[in-house]
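This report goes through one protein chain in plain terms. Please look at the sequence and the structure first.

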Amino acid sequence: MFDTIRQTLKARLPFVIATAGEFIALYYWLLLFDQSAYVLATIVLWAGFLVERVAVLYWVKENFGGNIGIAADHKPWWQKLIGLLLICLSEITVWVLFVFAQRYFGWTAAFLVLFVGEQIEHSIELGLLSQTSWLKFVASRQATVITVLETLGGVAWLYLVRHDQAQLGGMMLLIGLTIEHVIQGDAIKRRLKAKQEHPNDSGEATTDASKQPRLLGVAPVVGGIVTVIIAGILFKVLNPFCFRILSPPPTIDAPVTYLNQNWSAEKRDNFYHASQG
């Protein structure tokens, strides 16, 4: 029993942490950035993505050994650190460009930036894990499916945030990232297992469909559907109280500014004394 629990945690918990890290990074970065808290927003963004990357690297090492990826055991610590920072920087750059593309060029440009950027990002990740050229994954189903899921979740999130529905936008982002990470983890696991079973395979595509790892298994599809259903039920039942923690904190800056600009000092004093009873 305990061994089963341990194996389940080893297989799933890192992706739960990774999803939470990326969600917190993106949601609270935009929230703080829109409030002009640029330094804190940057810290949250980097911290969240570092948590995500470390969790994924831990998952790869625990499930497939320490000879794969940017954190392989044979690499010196400084090379691992540089690789970690670069892969975080690349993904952060994609998301930041996505938000700014929407602000200055519109939704079509934003969609293209996020889709193309994430497609390249996912192709590089799959190439590193498969120890082959990332160009082989640019047009692959594996990279494209997870890119589409992440792009749709990201666009839905930003659209809802920009239309004053931050809570619903946060939920859409969380759902998109959850499904994307589940499918991505399953695809990586199948590909690495296939590579371990055929160590002499050069990585070239084969016409034998039986030797190709399936893109999706039953578990991630069912898990994704269940996640969407649960999230929808929670939002319906708990609305408008659900995800209250994601709401921007109340601020008095706007009403105070309005009063200072439109009320005389005497009128403000009278209002203050009247409100004090």
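A residue is called buried under 20% relative accessible area, exposed over 50%, and partly exposed in between, with a 1.4 Å probe and protein chains only. The model is a predicted one, in which local features need pLDDT of at least 70 and side-chain atom pairs count only at pLDDT 80 or more, while totals for chains, interfaces and linings use all residues. Residues are numbered from 1 along each chain as its sequence is written, and side-chain values use heavy atoms, with hydrogens and water left out.

**Confidence**

pLDDT is the predictor's confidence in each residue, from 0 to 100. Its mean over the protein chain is 76, and 62% of the residues reach 70 or more. Helices (DSSP runs of H or I, at least four residues) are numbered from the N terminus. Confidence is highest in helix α3 (residues 77–105), at a mean of 92, and lowest in helix α8 (residues 253–262), at 53.

| Residues with pLDDT under 50 | Contacts beyond four places in sequence |
|---|---|
| 202–217 | 22 contacts |
| 241–254 | 16 contacts |

Where pLDDT is low, the predicted coordinates should not be read in detail.

**Helix α3**

Helix α3 has 29 residues and spans 41 Å from its first C-alpha to its last, close to the expected 42 Å. The expected span is 1.5 Å times one less than the number of residues. Buried residues of α3 include Leu 84, Ile 87, Glu 91, Trp 95 and Phe 98. Gly 106 follows α3 and has a positive phi, near 105°.

Ser 36 has a positive phi near 70° and is not a glycine. Ser 36 sits in the loop between α1 (2–34) and α2 (38–64), and is partly exposed, at a relative accessible area of 47%. Asp 164, also not a glycine, has a positive phi of about 60°. Its loop joins α5 (141–162) and α6 (166–197), and Asp 164 is exposed, at 73% relative accessible area.

**Glu 180**

Glu 180 belongs to helix α6. Beyond its neighbours within four places in sequence, Glu 180 is in contact with His 122, Ile 146, Leu 149 and Glu 150.

Note on methods
Helices (H or I, at least four residues) and strands (E, at least two) are DSSP runs, numbered from the N terminus. Contact means heavy atoms within 4.5 Å.
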